[in-house]
Amino acid sequence: MNKQTGIDYLRDDTSASSGRWKKRCRRCGWIFMVLSLLALAAGIAARIYGAWLYALDDNMDYAVVVLMVRHIVAGIDFPVFFYGQGYMGSLEPLASAALGFIFGPTPFVVCLGTALVASLMLVAVWWMTYRIGGYLASLIAVSLCAIGPVGYFHYMSSPRGGYALCLLLTVLLVREGVFLGDANTPSGKREALGFFRAGLIVGLGFWNFWLVVPAVAAAGLLIISRVRIRVFRPRVWIPAGCGFALGSLPWWVWNIMNSWASLSPGSGTAVTLAKSISTAKILFCQRFFRFVSFGLDGWTEKATLAILLFLLVLPVLALAFCPRARSRSPNYRLASFLILYSAFLFVFYVFSEFGTFNTTRYLLPLLPLWAIWIGCGIGSLAKTWHCVDSPTSGPKWVRAAAAAGTVLGFTAVGLLVAFGCLSLKVHRQKAFSSRTLHAASQELAANPSAMRPMYGEFVHFGVNWATEGKACLVSPKLPRYHPYLVKLENEESPGVFSNMDKFTHFLASTATEAQIAFAGKYSYIYNAAAPPYLLTPIDSGGIETVVDGAGREWTEQLLDSNGGSYAALAPSGNGNECDLVVKFRRPTRTVGIRMIVRDDNPLVHSRVLSRSGGSGEWRELSPGCQQREWHWSGPRFYNRGASHRTEILFKEEAEVKELCLKLQARSGGTGLYIETLQAVAAGPPRGTVDIAAVAQSLRGVGVERVFADRWYANELHRLLGEEIWTSREPEITGEERWWVNTAPAVHSTAVVVLDGEAERTRSVFADAEVGVVESKAGGMTIFRPVAETPRPESEGALCFYGGQLMCNRPMDIGVELMPGTAASFPRLGLKLLGLMPVEYDNGAATISMIWEKDGGTAGEGNAFIFLHALDAEGKTAFQTDRVFARNTRPFPTPSPSRWLTTYVIEPLPDTPPGEYNLAMGLCRPGLFSKCFEMESEDAPVDKRRILLPVKINVAD
């Protein structure tokens, strides 16, 4: 029995046709073959042209690829993943690196690597459509893929890590889904080779880009539907498994050597059912239009969509005219694949984090599939119309319909190809307008002061390659570029590119200055000088009260040394502004204020007023400034990190009796959470510290762990090396944050602070009842606990963060808790001991809760707490939802711990007046949000939430 392939099946009627029909088909075949090859060559040439256009692109992901390629060529790195990611592999940059070894790793050559992979995808489209529909089908499909919409062509020419490769793997999976496992496919070695090939493609996709998952699922279902029980035979699953293992081998090797780091949870937001529904709406109402757009003005966008929809429906007509034995027709298998793939891609896109990004790049695999589908459909219609004497010829109305479909299809395809050619002008304009960073980098390279590590946003990462590696720009928000982050951390005087995070405001708020140079439209700030004096905290005993704008006193919470207590400030003015009035016992000379603000709702703007008496006028000490996560440590500044604190320094020293802090939180938040507040005075000149003397005093005395502020910790590590552990940043060391912050109260631990900080540090040890011995060296004080063995675990823990020593100890509640508010969460091993008396202010209620948990952690990292205000019918009228773990300071000890959390719930502007009952619970967000089970003997539990004896009155 003769076995047929897909192309043989499409040609089996040729042997039965007349000579005239054979000659006609042969002549047309030669014409379409030449035209399809010309279209293929034009598509490849367009990609090379695009690589030239976008060789100097400002895009940050492209800049990372250039850096990867140059590192590979130079032999200093061989990345398995796109730098900092665990879901996008490096096979596409490796293709660029292969060309870089031959021609040099220039930006054009790097882009040429992506153009090469995109050209291979074009070849795969050509071969796939030829196998199914012949040369005419391949001509149409390649023409549609040659240039295509604006976003598609851009990603086929400019590297982004793996999008061109993703499209190539998707097209290859289409081929396997349509043909692999066919009953007409030769058995034995060829079939085993086919399954090995399919496994290899899946493995490469698994390593390089998980966006191929929908194609894997669609192809897998089609193959299994044909193979059926044979899938369990060794000659099927062994080759497939070996291919998958080979294709994904780099992924396994890297993860085994790096403790499965790519499987660690990301920082993306949780995907809920409501968010998925919203993503689906945005997909069909906005992103789909942007995806198919050619970037041309006027009527072309609507025309493009109408033409595309017509072309996608047109092949259905071809299926109706398909030859006999439709179950064996590759056109039907292609239709099945397209339907399955569209469904899987929709689910994958909507119910994953891919859909949360405002981009159309995750829809790119649709375009080559549409092109194959349209090409094969029009090819089949043309065959039905043209082959009058063939056995496939039908009634006249069939040929007439096929003729109309073919002509209209050709016309529609021609319009899309014309739009694509016209869009090249858009690409030229876009490419030349996106070279501003490259031009600025050339000017920057001419400034010797710029050839040092600098802070900058990730969008400006192209400075690194545009200066030929002379400059080093790092975003501290993306610590995944570890070698460059270390280089920045160790720089004595880094620069700041393009005024990152309002750096000039930071200079103004700390009364310091820097030099500014301009390169193109960007600024470069360098030689920032720290305050000329060291800061000394003023004794907290000199502060009488600390009161917020609502009249609530926070003196104890802000002035103690317990990191578990803090002030929850509710907005007292417009723009989410919080007021905090600090009253001194007597007129005090101060140069500024220091605060540790929790990151639950960061501080974004500050202003400080003062007056000398209770009845005088307020005068401005510090003008309004944008606040970001900058801070001074030693002689230089840093961004973010465990030592971060907010310091607001005055232009000159002032004698004050009261300070009024105007602190604005992020818009839409619920105020601020401030852990520590200090007034600071000017200490000795900054140059009095001799860090080398401190390092010498720590050698050979049994010290194993040293805790110091950020700059001093780095300097001690530079001098001591690996001899003694120092409390450097977790992003630098790769250690767990709690381990870096926890200071064991044993004699092998040393806490090193400036002499001006010694008195406060001494009081923290005294509050924690930890005996210490002191020594001085180089203008710093070294504290070492006297105990040789760890203290009892129930007594809390010493922690070093914000550049200061804290004592995170079990809290003394100090007040009687409200009855009927205790509950437990068995799944979390967590207890709600109860609520403190509720405070009401203009309809808003401040809820303070006391928690206890064995193990010392504040619930699960992805847990949320919700507070629901219920109306008389039990429906939620208004609510507040907050991240539970962030709103607490975790206790890094395995002992029982207590802590307090505070939340504010307030009615909406349109909430009807009346009385509302309060309910609360904990949940885990996700596709289907899940509330944690709770138990309570004091209060009723309804729908996994506890009904609290708290009533909120909303007035008219």
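Predicted model: local features only at pLDDT ≥ 70, side-chain atom pairs only at ≥ 80, totals over all residues.
**Stop 1: the nonpolar cores**

Begin with the largest nonpolar core, a set of 178 residues. Select Ile-374 and Leu-698, the members that touch the most others in this core. Next, colour helix α5, residues 107-133. This helix gives the core its largest share, 15 residues.

Another core lies apart from the largest one and holds 64 residues. To find this second set, select Leu-558, Val-582, Phe-584 and Leu-677, which are among its members.

**Stop 2: salt bridges**

Side chains of opposite charge can pair when their charged atoms come close. Across the whole structure, 30 salt bridges are found.

Select Arg-70 and Glu-468. Their side chains form a salt bridge, with 3.5 Å from N to O. This pair links distant parts of the chain, 398 residues apart. Arg-70 sits in helix α3 (residues 60-74). Glu-468 sits in the loop between α19 (463-466) and β2 (472-474). Glu-468 counts as exposed because its relative accessibility is 57%, over the 50% cut-off.

Move to Glu-873 and Lys-875. These side chains meet in a salt bridge at 3.7 Å, N to O. Glu-873 is exposed, and Lys-875 is exposed too.

Then select Arg-944 and Glu-933. The closest N and O atoms of this salt bridge are 3.1 Å apart. Arg-944 lies in the loop between β33 (941-942) and β34 (945-954). Glu-933 lies in the loop between β32 (930-931) and β33, so the pair ties together parts that are eleven residues apart in sequence. Arg-944 is partly exposed, with a relative accessible area of 34%.

For the network, select Arg-594, Arg-645, Glu-647, Asp-709 and Glu-757. Salt bridges with shared partners join these five residues into one network.

**Stop 3: the largest cavity**

The structure holds four cavities of 30 Å³ or more. The largest has a volume of about 260 Å³. Which residues lie nearest its centre? They are Arg-594, Arg-645, Asp-709, Leu-754 and Glu-757, out of 24 lining residues. Arg-594, Arg-645, Asp-709 and Glu-757 also belong to the salt-bridge network.

Show the strands next. At least two lining residues come from each of β6 (533-537), β12 (630-633), β14 (646-665) and β19 (749-754). Coloured by class, the lining shows 13 nonpolar, five polar and six charged residues.

**Stop 4: the second largest cavity**

Finish at the second largest cavity, with a volume of about 50 Å³. Select its lining: Ala-642, Ser-643, Ala-708, Ser-727, Arg-728, Glu-729, Val-740, Asn-741, Phe-800 and Tyr-801. Two elements give two or more residues each: α26 (737-741) and β22 (797-801). By class, this lining has five nonpolar, three polar and two charged residues.

Notes. Residues numbered from 1 in each chain as written. Heavy atoms only, no water. Core = buried A, V, L, I, M, F, W, Y, C linked by side-chain atoms within 4.5 Å. Buried < 20%, exposed > 50% of the residue type's maximum accessible area, 1.4 Å probe, protein only. Helix = DSSP H or I, 4+ residues; strand = E, 2+ residues; numbered from the N terminus. Salt bridge = Lys/Arg side-chain N within 4 Å of Asp/Glu carboxyl O. 1 Å grid on protein atoms, 1.4 Å probe; cavity = no way out; pocket = protein on both sides within 12 Å on 5 of 7 lines; lining within 4 Å. Points joined across faces, edges and corners; volume = space filled by probe spheres on them. Nonpolar A, V, L, I, M, F, W, Y, C, P; charged D, E, K, R; others polar.
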